[in-house]
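Please work through the following exercises on salt bridges with the sequence and the 3D structure at hand. Each task is followed by a solution in steps.

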Amino acid sequence: MRPFTYERAATPAAAAAAAARTQGARFIAGGTNLLDLMKLQIETPPHLIDVNELGLDTIEATEQGGLRIGALVSNTDLAADQRVRRDYELLARALLTGASGQLRNKATTAGNLLQRTRCPYFYDTAQPCNKRKPGSGCAAIGGFTRQLAIIGASEACIATHPSDMAVALRALDATVETVQADGSARAFPIAEFHRLPGDTPHVETALEPGELITAVVLPKPLGGRQIYRKVRDRASYAFALVSVGAVLQPDGSGRVALGGVAHKPWRVEAAEREMPRGANAVVGPLLAGARPTRENAFKITLVERTLASILVEARG
Amino acid sequence: MKFDSPAAANPIDRLKVIGRPLDRIDGPLKTTGTAPYAYERHDIVADPAYGHVIGATIAKGRITAMDLSAAERAPGVLAVVTAQNAGALTKGNYNTAHLLGGPAIQHYHQAVALVVAESFEQARAAAHLVRIDYKAEPGSFDLYTAKGAATAPEPTDLTGPIDTHIGDFPRAYAQAAVRLDETYTTPDQSHAMMEPHATLARWEGDRLTVWTSNQMVAWSTGELATTLGLPPEKVRLISPYIGGGFGSKLFLRADVVLAALGARAAGRPVKVALQRPLIANNTTHRPATIQRIRLGAERDGTISAIGHESWSGDLEGGGPETAVGQTRLLYAGANRMTSMRLAVLDLPEGNAMRAPGEAPGLMALEIAMDEMAEKLGIDPVEFRIRNDTQVDPEHPERPFSARPFAQCLRLGAERFGWDRRNARPGQIRDGRWLIGLGMAAGFRNNLLAKSGARVRLDSRGIVTVETDMTDIGTGSYTIIAQTAAEMMGVPMDQVQVVLGDSSFPVSAGSGGQWGAASSTAGVYAACMKLREEVARKMSFNSADAEFVDGEVRVGNRSAKLRAAAAEGDLVAEDSMEYGDIAEKMQQSTFAGHFVEVAVDSATGESRIRRMLAVCAAGRILNPKSARSQVIGAMTMGAGAALMEELAVDTKRGFFVNHDLAGYEVPVHADIPHQEVVFLDETDPMSTPLKAKGVGELGICGVGAAVANAIYNATGARVRDYPITLDKHLDRLPEIA
Ligand SMILES: Cc1cc2nc3c(=O)[nH]c(=O)nc-3n(C[C@H](O)[C@H](O)[C@H](O)COP(=O)(O)OP(=O)(O)OC[C@H]3O[C@@H](n4cnc5c(N)ncnc54)[C@H](O)[C@@H]3O)c2cc1C
Ligand code: SF4
């Protein structure tokens, strides 16, 4: 860990302004990802801005009939909220498959969205990694790739985004609200929040330097059956090999988003038109253009079978 | 004392204390966090300096340049130790690679420097400032590629013979009515114990004391002296509490050597814990194996030919994984062959992990037995019992000292409800889950080693046992106290046990499941001597004296035990050694493992529902601690079956998933109800306590029992461990 300075911001706008003042500054929320990365010197921020006391830890109804989730609401509180459990079951279920009880108590909504990849080479500072050190190369390509992306990857990076929560938010069409360094607020759909790696895998989201997430907004409830399946080698406390979040309506229509397959939660709205025709029909367009490695090609079959199983459960 | 004839009736047989399921006497220390582990010896040194280990970042090659200057100037830094400035170091006998590498690099994360600073954080930060340039060389990192060039290793005490041939295997196999020829693989595995390797080192003049976490105190004291070029009597090693080892702490490792060197360089005590991300590549691991098994049988299920070949790899000068050992002893069969071949790999060094040899060997053999039973149309339990043997099949003149193998299997089958198993796989469903039952035999030899102890009686009647034996979480403290309590006729709270100090009599240490039986036998020997001293002091005839309820009784005369020490402590020291009983008779331990699994019919995820082990391991000294050993080992076996694998990057030459996020071991949610049954058995050929080891038996066979249950659930056989979903996904039923 490199020495760093620390401050507690008083308002969201002040936090954003402070972050823009020091190059490389980071917000710290629960710290469950950031501190680990700092200990390994994967992240070396010279300055930390603590955002825990900005009052962004409430969940409120919106005029549109949805929910505004403060950026600092813990994963535990979010998953336990009665409205979330009733109207956004997919989100509650996805959250509860993540990490462990202790971690979820600390982990925040914004921190979860911004958690970094679990690519093992990203974590080994002796190895080349374009995401950790732009231009150094990618050790994963040609290496151990079982966990890594099958779609949307690039020659520069084949990492996946590890969040479960983000998969649910993508299926639910959430909106991310932010405040920028100049104090102005903006909002963008979750679909535009995470980026594909391209030539710049170190740039992971649409956030500008210093931009602070203030809330995540859910539109009004979708109804339907909401099922989240996380497939993994051990029963708990493991990242997904593949996860499938689906919202299924009685008329056979529905939505589906995937985790564990790409650099961002993966959803192709056009593929959802095939939902009434079953998993096989959906997965074709959903994973069109997938370029798996020999080690992770199984994820394509796994996505299809998991979705098929979800459809059976939803019918039953 | 020498043990060279079967144990007769002796004071242990009273079973007033021995054989009781007593709580571990170190339990409160563990549960309150007050057991003094090596890294937490604030009681010894209040302000040690901290060392941070730097591991090599290439797998093979040389260091071409090192720049320590920035690190040396960093805040709080006291010293930076490297092979260049450490002085002459000699490689010990038990490690293959140097514990402080450079300029030559033998494996990834081989230690190349230690940064010592006032605080842990300063040492860690400064370590990032050390600049090292390497010249990498190509290496051999893939067992599958290197297999072709594998050769027969030199036999050692640990390996036994490399090849064995009995009868005419090729002919019998060719002529067998039913044949099986399959290849199985097991991956490299990491011990993944909770406590990392950790050491506090302090020099007083030319004398060195290390507080560390080590299973084998005498071995490692000697190895430390050898490595540093010190006379052995100048080195003291203290290892009273160990947060798990599973074989990774049998030997001297880099933490000890570097802490000692760091303390010398900094001129003050230094402590070092190997950072978790270094452990997988810096220390030892269980080597991967490729195993070919051929079985030939008559139609009635009699095995006529049994062949087992194993390939593994290690650094130049290392040894093989002895995966064929159990196949020499477990089943009858007139025509047999086994062989081991060793490939040179430039991966980190392989060595013992819980039940080395048998654990991976049975993972293969016991799938093969399941496959053969199916080919024969015979129940897997019956098939194994039909090929039971009461003698060493390679040397029929050597009987087993005790072999209730068939009983373990029969009782297990009955308790588990084995008759409910459908022999046709893929038939039973519970919603979306496919349900299967599987079983396998467990087998592990009983090894015994010379073990000594010192016992002291004081005027309060307290009996104190001192031995360099270790407790790696197994319950050594407790069974040693039970032994002394039984022998001296005192209650448990009158016994004190002090372990893990090289200034104490040399014990067997903890490894190879030899610790419990060997160390208690040593305590027995010392107590016999103390009983004689007590009797002499009281002018009793020692042969007639009974030690009971804190008294010594002969006929109708009795005296308080403590009275014998009224004028001063009585001290006795002895050790137990073994004659040639083990050569004349084969001593082994046996188990039947039974497992029920559920496999998600869509995703192929396998989850265990029930586990049962029926074990025969001689007298069980403490059923509670023995059960804990077995359920822990079953958990490890479940991990081996379902998830544990060090992923090899065959291009860059290292284990990629080198932390506990990447190397998955079972969590609570993976482990269901576990039942353990011990047969009521004594083995008078083992030790006076008639006990054998059990800590490794518990893992032996578990992996195959899980594998066989998965097959029974799905009908898709997987022969490559771990059985992750990708290995059978494309053979699972259509989703309807
Ligand atoms: C052992 C382990 C297992 C895990 N398993 C899972 C799992 O199975 N599934 C899963 O989904 N996750 C898992 N996680 C990840 C966990 O969910 C994240 O660590 C957590 O959500 C991060 O939240 P935090 O508040 O602690 O973020 P922090 O660590 O505080 O911050 C993370 C990042 O977000 C930035 N940030 C924080 N708040 C804001 C804000 N308001 N605006 C802008 N930037 C901000 C920080 O600067 C930092 O870059 C696991 C983590 C661990 C350690
Ligand atoms: S896949 Fe991405 S994160 Fe992993 S090593 Fe390559 S560049 Fe780094």
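The exercises below concern salt bridges in this predicted model.

**Exercise 1.** Determine where A:R186 and A:E211 lie in the chain, and whether each is buried, partly exposed or exposed.

*Solution.*
Step 1. A:R186 and A:E211 form a salt bridge, with 2.7 Å between the closest N and O atoms.
Step 2. This pair links distant parts of the chain: A:R186 belongs to strand β7 (residues 185–189) of chain A, while A:E211 is in the loop between β7 and β8 (212–218), 25 residues apart.
Step 3. A:R186 has a relative accessibility of 29% and is therefore partly exposed.
Step 4. The relative accessible area of A:E211 is 3%, so A:E211 is buried, the cut-off for buried being under 20%.

**Exercise 2.** Identify the strands that hold B:E466 and B:R456, and classify the accessibility of both residues.

*Solution.*
Step 1. A salt bridge joins the two side chains at 3.6 Å, N to O.
Step 2. B:E466 is in strand β20 (residues 463–467) of chain B and B:R456 in strand β19 (residues 451–457) of chain B, 10 residues apart.
Step 3. B:E466, at 12% relative accessible area, is buried, whereas B:R456, at 25%, is partly exposed.

**Exercise 3.** Locate B:R536 and B:E533, and classify the accessibility of both residues.

*Solution.*
Step 1. Their side chains meet in a salt bridge of 3.5 Å, N to O.
Step 2. Both residues lie in helix α13 (residues 515–537) of chain B, three residues apart, about one turn of the helix.
Step 3. B:R536 is exposed at 55% relative accessibility, and B:E533 is partly exposed at 27% relative accessible area.

How values were computed. Residues numbered from 1 in each chain as written. Chains lettered and ligands numbered in written order. Predicted model: local features only at pLDDT ≥ 70, side-chain atom pairs only at ≥ 80, totals over all residues. Heavy atoms only, no water. Salt bridge = Lys/Arg side-chain N within 4 Å of Asp/Glu carboxyl O. Helix = DSSP H or I, 4+ residues; strand = E, 2+ residues; numbered from the N terminus. Buried < 20%, exposed > 50% of the residue type's maximum accessible area, 1.4 Å probe, protein only.
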